[in-house]
Amino acid sequence: MIIAERKPMEEIRQMIAPYKKLLLAGCATCVAVCWAGGEKEVGILASQLRLDQSKGRKKISVLEATVERQCEKEMVEELRDKVQEVDAVLSLACGSGVQTMAEMFEDKPVFPAVNTTFIGMPEREGLWVEMCGACGDCFLDRTGGICPIVRCAKGLLNGPCGGMRKGGKCEIDPEKDCAWVLIYRRLEKQGRLDLMREYYPPKNYRAVKRPGRIQAAKA
Amino acid sequence: MATPFRKILKTKDFVVTAEAAPEKGSNVSKAIEHIELLKDKVDGLNVTDNQSSVMRYPSLGVCLLIKEHGGEPILQVTCRDRNRLAIQADLLFAYSRGVDNVLCLTGDSIDVGDHKEAKQVFDLDSVQLIHLVHTLNSGKDMAGNELDGGIDFCIGTTATPSADPLEPQLIKVEKKLKAGVNFIQTQAVYELDELKRFTEFVRTVDGEVKILAGIVPVIGAKMAMYMNDNVPGVFVPQHLIDELAQAQKGTGVAKGIEIAALMIRQIREEKVCDGVHIMFIGREERVPELLEASGLL
């Protein structure tokens, strides 16, 4: 899923400073699961903004709404009436949701309240880790299901760099495992280390022509 | 004129290279000083490529200075700052100006350097970079286009004999050897046994490649601990840190030279490998003293 993090409060305050009536729009899918932009987080941010005005900052009115998926126009359409009531929208969805909202309501400024960070998974309660770089040329069949493109800090394809720390930790962070040590251990367990001994030529970094656009084949 | 490095590798019993780290800025007087001091005392001078991800005068720039001053340069190329187009172009440039030794490295992460917000490249990794040099050597570019005026580089790479765990590193070394390299300059080694274990492995894959052991003299316990925490791939063992901690104040550099010289002598006497690569970071002017203490001058 897509992982995001709430922006710092001060940055949000600066973005919305010129506006008096705001819609805080959440998304109930990925960003809800990573505690960044679901219904609960919309409620928390709305309370913080209301608290601001009780502390003497300017007067604003805040509406709250959360849709199932903010990256789908049909679902964002449900918000039309509310959007018409406000000066601006503060979206707590991922970048894709923010842009869908902005495209649907072109006459309203739409601001991001979160930073979209990566595609990942929850490793444990409250900790999410990056898993996929959406490179368009999946390599996981050769690496025991561990992606070196994003889980190696340098995206190396032919094994670990020489900067690995003692115990198989990453050069840039002793808290992170060297992806190539993880790959080595996984492949060793499966008796498939030959895969690691193979030479992998330079990757096609243009597998997805950016900006990405995929047309489904006709059913 | 210096003897071509590839000839030295074939003919000399014990090969010695040293590192020349470019300065930050366009003033090359210190680089020239180091070149003049070392060019006739070692067989090749490596020039680092934005070492530790810190922006500096370019490797190729100092390599050209070495050529101009009659030394033998080894161009270090990392994969961090340039994509495949830029690397190929730089190699053509280097070769056209007489720089024909290249050391292929991955490069440190942007995170350890002084431009921490930069976009890091790593379009290629070090194994792919070695293949790239061979492709250029064959007269074609990576896209398969013919080159008008090819290149012929003597190719080297690096390895970390003290990596833990070692096996994943060795798999990569094997890929580098199979890609084809003339020499390996290892990361700093402080334990002879680790170096022996590494050279034994290399010999099972490639009997021809020349192995130069990386020598980084440590001049104090504090520096050693700093290096262990901050310099990727460097592991100074605790017994050396303890030895340095007991050295009298003001004798750190001399002690560091003494320890490094002992290591070099052992490597040479026991024929552990084919030579040494000296990285006396920030103290290039003391390299002759180390060479003398090692019996190499």
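pLDDT is the predictor's confidence in each residue, on a scale from 0 to 100. The model shown here is predicted, and its local features need a pLDDT of at least 70, side-chain atom pairs count only at pLDDT 80 or more, and totals for chains, interfaces and linings use all residues. Residues are numbered from 1 along each chain as its sequence is written, while chains are lettered from A and ligands numbered from 1 in the order in which they are written.

**View 1. Confidence of the prediction.** Chain B averages a pLDDT of 96, and 100% of its residues score at least 70. For the complex, the predictor gives an ipTM of 0.95 and a pTM of 0.95.

**View 2. Overall form of chain A.** Chain A holds 9 helices and 9 strands, where helices (H or I, at least four residues) and strands (E, at least two) are DSSP runs numbered from the N terminus. Its C-alpha trace spans about 65 × 50 × 25 Å along the principal axes. The radius of gyration of chain A is 22 Å, whereas a compact globule of 219 residues would have one near 17 Å; the radius is taken over C-alpha atoms, and the globule rule is 2.2 Å times the number of residues to the power 0.38. Chain A is divided into domain 1 (2-118) and domain 2 (133-197), with bounds that come from an automatic or database domain assignment, and the C-alpha centres of these two domains lie 37 Å apart.

**View 3. Strand E2 of chain A and its partners.** In strand E2 (residues 21-27) of chain A, 6 of the 7 residues are buried, a residue being buried if 20 or more other C-beta atoms, placed from the backbone, lie within 10 Å of its own. E2(A) pairs in the parallel sense with strand E3 (residues 61-67) of chain A over 7 bridges, and two strands count as paired if DSSP finds at least two bridges between them. Within this pairing, A:Lys21 stands opposite A:Ser61. E2(A) also runs parallel to strand E4 (residues 88-91) of chain A, to which 4 bridges join it, and there A:Leu22 has A:Ala88 as its bridge partner.

**View 4. Helix H8 of chain A.** The buried residues of helix H8 (residues 179-189) of chain A are A:Ala179, A:Trp180, A:Val181, A:Ile183, A:Tyr184 and A:Leu187. They pack against helix H7 (148-151), strand E9 (173-177) and helix H9 (194-197) of chain A, together with H6 of chain B; here two residues are in contact if their C-beta atoms, placed from the backbone, lie within 7 Å. After H8(A) comes A:Gly191, whose phi is positive, near 65°.

**View 5. The side of chain B that touches chain A.** The contact takes 29 residues from chain B and 26 residues from chain A. Helix H5 (126-137), strand E5 (154-159) and helix H6 (167-179) of chain B are the elements that give two or more residues to this side of chain B, and H6(B) gives the most, with 7 residues. The residues on this side of chain B divide into 11 nonpolar, 8 polar and 10 charged, where Ala, Val, Leu, Ile, Met, Phe, Trp, Tyr, Cys and Pro count as nonpolar, Asp, Glu, Lys and Arg as charged, and the others, Gly among them, as polar.

**View 6. Strand E2 of chain B.** In strand E2 (residues 44-47) of chain B both faces are covered, with B:Gly44 and B:Asn46 buried on one side and B:Leu45 and B:Val47 buried on the other. Strand E1 (residues 15-20) of chain B runs parallel to E2(B) and is joined to it by 4 bridges, and B:Glu19 has B:Asn46 as its bridge partner.

Note on methods:
A residue is buried if 20 or more other C-beta atoms lie within 10 Å of its own, exposed if 12 or fewer, and partly exposed in between; C-beta atoms are placed from the backbone.
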